[in-house]
Each structure stands twice: as C-alpha cells, then as structure tokens.
Amino acid sequence: MFLANVMVYVDPQQQDEGQIRVAEGIADKFHASMIGVSASAIDPPFVAEGVIIEQTTEDDVRRMRADLAAKGEWFGKITGRERHKLEWRWALESPTAFLAEQARAADLVVFKRRKAQSYNFHYLDSAEAILRMGRPTLSVPEGVTGLSADLERHSVNCQFDVRVHTAEPDAGYLVRLAKSEGADLIVTGGYGHSRLGEWMFGGMTRGLLQQAPICLLMSH
C-alpha cells in the first residue's frame, strides 16, 4: 500500500486535534504529504413575501475568510510539518461539495465523525462525502487521537473467522467483535444508493457510522 497525499477535513470551528493527529501519524508512516481542507457555506438570503429579511453582508464574508485563514495557521502549528509537505485549502461553499471536489488530489481522506443530525449545509455530511468522493476514507470518532493499526505496504497479515449469522444487527456484531479483539480499526466497504435526492445507506454502513467507537476505514 502506498500513500502520497493524506487529506484531512478540519471544521472551521474545531478546537480539538483528534483526526488531525491521526492523519499526521499516517502521513508520517508513509512519508506522505498532508493537505488540510476546510470550508464555510454562505447562508442564502432569507426572503419573506418577496422581501429580503436577512442576508450575508460583506463584513460577514470578510470575517468568514479571516476565520478560515486563521484555522489554516492553527492547522500548520499543530502539524509542525515541513512547508513543502503541508498544504491548506479552503473555500466559501458547502463543506461536503468542496471536500468531494478536493478529494481527487488525495489517496486517503480523514475526517472527524459527527453524530447523526438533521441536514445542515454548514457542516460536513460524512455519509454523503464517502459516496461522492470515490476515495478511501478514514472516519475518526470523538476523543481518538491515534491509530495503531499497521497498514501493510505490499501484503496483508491477517486471520479469518467464519461466524454463523444471528438475529443481531451486523453493525452491532462487528462493533462488539472489535471491542473483544481490542481492535482500533474496522475496514469495510461504504455502500448506498440515491433516493429522492438523498444518500441512503444500507444497514451495515449506516449502523457502523452511528455506533462504532473506533476508526472506520471505508471505500465506496
């Protein structure tokens, strides 16, 4: 396995270093470059009965640009990496759309897993991002700052076990098995389909994203 570029999404309001530290550890292991990505969506005008009640001002836009630039400096201080191996990209648009576009430059995309919530275009929709990016993705839960899993460069050192399917949901079973084995990573596919314009995951993928307390490596 070879990684040249590791991309990590950073929320503009983020204060913790969790997924950044995980991405940094992987980049160091593979001597890869790191690309930090962040985005803020501009609110559309709020219109009532044909009258604009509220809209984003030029001052708001300048503040958003300054916040993203400052987050880039914060990102650089945290990683402390050589300048030629570190890059920061940002935009004033949907975080999910921007990351999906930028992911074309990455071999692996790392992001912090957020709890399921109603649609909000201000935040990264990790489920939709996995399906749109077409890249291996590593989702990091809250509180995790490191990953000890050994990713083999040319082969995989593994064991296999066949289990009889029971009434227990597959995702819950995998989470329980990972805990019993002391694993800090689950590797699986990320599958779904489009329905009424929204990404809807199958039970296994959706369940893992919602329940797994450890890192998930997925590829669609």
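The questions and answers below go through selected side-chain contacts in a predicted model.

Residues are numbered from 1 along each chain as its sequence is written. In this predicted model local features need pLDDT of at least 70, side-chain atom pairs count only at pLDDT 80 or more, totals for chains, interfaces and linings use all residues, and side-chain values use heavy atoms, with hydrogens and water left out.

Reader: In which strand is K112 found?
Author: Helices (H or I, at least four residues) and strands (E, at least two) are DSSP runs, numbered from the N terminus. K112 belongs to residues 108–112, which form strand β6.

Reader: Is K112 buried or exposed?
Author: Buried means under 20% relative accessible area, exposed over 50%, and partly exposed in between (1.4 Å probe, protein chains only). K112 has a relative accessible area of 17%, so K112 is buried.

Reader: Leaving aside neighbours within four places in sequence, which residues is K112 in contact with?
Author: Contact means heavy atoms within 4.5 Å. With neighbours within four places in sequence left aside, the residues in contact with K112 are Q14, D16, Q19, V140 and E142.

Reader: With which side chain does the side chain of K112 make a polar contact?
Author: A polar contact is a pair of N or O atoms within 3.5 Å; within protein, one must be able to donate a hydrogen and the other to accept it, and residues adjacent in sequence count only if both atoms are side-chain atoms. For the side chain of K112 the distance is 3.1 Å, and the partner is the side chain of D16.

Reader: How many residues apart are K112 and E142, whose side chains meet in a salt bridge?
Author: A salt bridge is a side-chain nitrogen of Lys or Arg within 4 Å of a carboxyl oxygen of Asp or Glu. The side chains of K112 and E142 meet this way at 3.8 Å, N to O. The pair links distant parts of the chain, with K112 in strand β6 and E142 in the loop between β7 (137–140) and α5 (170–181), and the separation is 30 residues.

Reader: Which parts does the pair of F75 and W88 tie together?
Author: Rings of Phe, Tyr and Trp (its six-membered ring) pair if their centres lie within 6.5 Å; planes under 30 degrees apart count as stacked, over 60 as edge-to-face and the rest as tilted. The structure holds 1 aromatic pair, formed by F75 and W88, and this pair is tilted, with 5.4 Å centre to centre and 35 degrees between the planes. The parts tied together are 13 residues apart in sequence, because F75 lies in helix α2 (residues 58–79) and W88 in strand β5 (residues 86–91).

Reader: How far apart in space are G172 and Q211, C-alpha to C-alpha?
Author: G172 is placed in helix α5 and counts as buried at 18% relative accessibility. G172 and Q211 are 39 residues apart in sequence, and in space, C-alpha to C-alpha, they are apart by 7.3 Å.
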